[in-house]
Amino acid sequence: MVKQTIQIYARVKPLARRQQAGIYSVGEDEKSASSLEIIVPRDLADGFVNNKRESYKFKFQKIFDQEAKQDAVFESIAKPVAECALAGYNGTIFAYGQTGSGKTFTITGGAERYSDRGIIPRTLSYIFQQLEKDRSKVYTTHVSYLEIYNECGYDLLDPRHEASRLEDLPKVTIMEDPDQNIHLKNLSLQQASNEEEALNLLFLGDTNRMIAETPMNQASTRSHCIFTIHISSKEPGSATIRRSKLHLVDLAGSERVAKTGVGGQLLTEAKYINLSLHYLEQVIIALAEKHRSHIPYRNSMMTSVLRDSLGGNCMTTMIATLSLDKRNIDESISTCRFAQRVALIKNEAVLNEEIDPRLMIIQLKKVIQELKDELAMVTGEQRTEDLTQEELLQLDEIIKTFLEDPDPESTLDVGADMRKIKHCFNYIKQLINRTKIPERSLLSPDITGDEDTNTPEKKEELKKLRDLLHQRDNEISILYETGFIWI
Ligand code: ADP
Ligand code: MG
């Protein structure tokens with residue numbers, strides 16, 4: 001288990017007019033942290049910031065100033081999270097800041113130059129490079145792309161739909177199972193076997209995201225977009241699967257309703273975004289407070305989806321994007337304050353390992369066969385093939401010796417081989433049957449003799465013999481009466 005607070009970084013967007021320098025300064029306080037000091041210009045000090053302070057200092061893990069390039073941002077922020085995802089831990093990187101401060105540029109990137117690629121394409125490229133290198137495991141990767149607008153989820157990767165409006169995209173809803181795990185119904189998981197396939201999916205999602213947006217419906221500033229890379233890995237022959245999710249989140253603009261200050265439809269929308277980010281803030285405040293048992297994750301779809309990323313099983317990183325223009329000082333301070341609260345949240349990331357029952361059965365069957373073989377070895381080989389001629393002769397010899405042995409205590413030992421034991425029984429049975437044959441042959445003439453007397457010749461012979469016997473009897477009686485025989 002890895003216990004870690006949410007890591008916070010700041011990125012300052014390059015400003016068009018450099019003369020505004022002096023509004024902020026970046027300092028290296030300690031080795032592992034940087035500080036951002038926002039200096040409120042005198043003419044604004046009594047304005048909407050409305051207190052006497054002239055500067056505000058915020059600590060971050062690292063601050064990426066205006067000239068910081070995309071590769072440096074990726075190396076420091078996204079690469080460690082991608083590495084954890086490859087190892088089986090969940091990860092989340094979310095960008096928070098007002099509209100125009102560089103969230104989309106940081107998460108997805110700019111389209112103009114290849115070097116402007118943001119965290120998503122660089123992470124995909126890095127992950128597939130690593131997968132290529134690691135031949136010790138079998139990896140499967142899927143991606144999903146969810147847009148949440150006005151508390152409704154939309155699947156940006158559905159291949160069946162060519163969206164011209166956001167409402168044309170499949171609606172994604174939240175389902176909670178009895179263990180309170182969140183499942184997203186209707187969100188497609190698209191398999192991506194290589195970097196190109198994954199980038200094509202990102203492109204499809206971004207196209208849907210842009211097409212669905214009209215000037216009247218500036219969805220991108222009012223919606224949250226969550227690009228998720230799902231990685232599963234397994235060592236060959238093992239039934240244990242590691243699954244991890246890496247969420248790359250481009251949140252809605254964090255500007256406040258008061259400043260948006262428009263009526264009608266836009267105000268309703270602005271309220272929604274703020275409602276959603278307001279719920280995010282509530283969750284973060286609740287998490288930062290010690291001994292709070294109830295965390296209001298369920299209040300909004302976004303906090304439900306990112307539940308694990310906030311105070312759960314995830315290694316989470318926040319990038320506070322700042323457009324440190326004089327006009328945006330209040331929003332920048334509010335973004336930094338939000339980040340400071342986020343930094344207090346402790347997460348506990350665990351290795352997401354599970355046993356695949358199908359693979360487990362195959363493995364157990366193998367173990368059973370091995371044990372059977374082992375048992376046969378120990379108990380004397382329970383083999384099923386026929387005994388050889390030589391074995392049979394040897395066996396007959398042993399049985400004969402046993403039977404001829406006059407010692408009543410002698411035993412017949414052929415080992416625990418059922419084939420040999422059966423042969424012994426057969427041998428003895430045959431022997432008994434053979435000794436019975438003469439008895440039967442003694443009996444049979446009588447039986448057959450009865451039948452034979454029924455033939456006319458035999459009857460005749462029998463009659464002759466009886467007559468003869470009768471005649472002899474008479475002769476004996478005469479001899480006896482005449483005194484020739486003395487008994
Ligand atoms: P957000 O998504 O926060 O509303 P964007 O990422 O769309 O803001 O940025 C607004 C504009 O500023 C875009 O044209 C973008 O290309 C540009 N931009 C933002 N950050 C940078 C940066 N670090 N370097 C160069 N251009 C940037
Ligand atoms: Mg954007």
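This is a predicted model: local features need pLDDT of at least 70, side-chain atom pairs count only at pLDDT 80 or more; totals for chains, interfaces and linings use all residues.
Let me begin with a definition: a residue counts as buried under 20% relative accessible area, as exposed over 50%, and as partly exposed in between.

Asn 150 is found in the loop between β8 and β9, the latter covering residues 152–155. Its relative accessible area is 27%, so Asn 150 is partly exposed.

Let me now turn to the overall architecture. The protein has 14 helices and 17 strands. Of its 487 residues, 40% are buried. Among contacts with a separation of 6 or more, 71% are between residues 24 or more positions apart.

I shall describe one sheet in some detail. Three strands form an open sheet in the order β3-β4-β5, with antiparallel pairing. Its edge strands are β3, residues 24–27, and β5, residues 55–60, each of which pairs on one side only. On average, neighbouring strands of this sheet are turned by 20° against each other, direction ignored. Helix α10, residues 329–342, packs on the sheet and touches β4 and β5. The direction of α10 makes about 40° with that of β5. Within the sheet, β3 and β4, the latter spanning residues 34–39, pair over 4 bridges in the antiparallel sense. In β4, Leu 36 is the bridge partner of Val 26.

Next, consider strand β15, residues 315–322. How many of its residues are buried? The count is 8 of 8, so by the cut-off of under 20% relative accessible area the strand is mostly covered. Met 315, Thr 317, Ile 319 and Thr 321 point one way from β15, while Thr 316, Met 318, Ala 320 and Leu 322 point the other way.

I come now to the largest pocket, whose volume is about 930 Å³. Which residues lie nearest its centre? They are Ile 182, His 183, His 230, Lys 245 and Asp 308, out of 31 lining residues. By class, the lining has 9 nonpolar, 17 polar and 5 charged residues. The elements that each supply at least two lining residues are β8, β11, β13, β14 and α9. The largest share, 5 residues, comes from β13.

Finally, a contact between parts of the chain that are separated in sequence. Asp 396 lies in helix α12, residues 389–404. Its C-alpha atom is separated by 8.0 Å from that of Cys 424, 28 residues apart along the chain. Leaving aside neighbours within four places in sequence, Asp 396 is in contact with His 423 and Tyr 427.

Definitions and conventions. Residues are numbered from 1 along each chain as its sequence is written. Chains are lettered from A and ligands numbered from 1 in the order in which they are written. Side-chain values use heavy atoms; hydrogens and water are left out. Two strands pair if DSSP finds at least two bridges between them. Axes are lines fitted to C-alpha atoms, for helices over the stretch in contact, and angles run from 0 to 180 degrees between N-to-C directions. Contact means heavy atoms within 4.5 Å. Buried means under 20% relative accessible area, exposed over 50%, partly exposed in between (1.4 Å probe, protein chains only). On a 1 Å grid over the protein atoms alone, a cavity is a set of points where a 1.4 Å probe fits but cannot get out, and a pocket is an open set with protein on both sides within 12 Å along at least five of seven lines; lining residues have an atom within 4 Å of a point. Grid points are joined across faces, edges and corners, and a volume is the space filled by probe spheres set on the points. Ala, Val, Leu, Ile, Met, Phe, Trp, Tyr, Cys and Pro count as nonpolar, Asp, Glu, Lys and Arg as charged, and the others, Gly among them, as polar.
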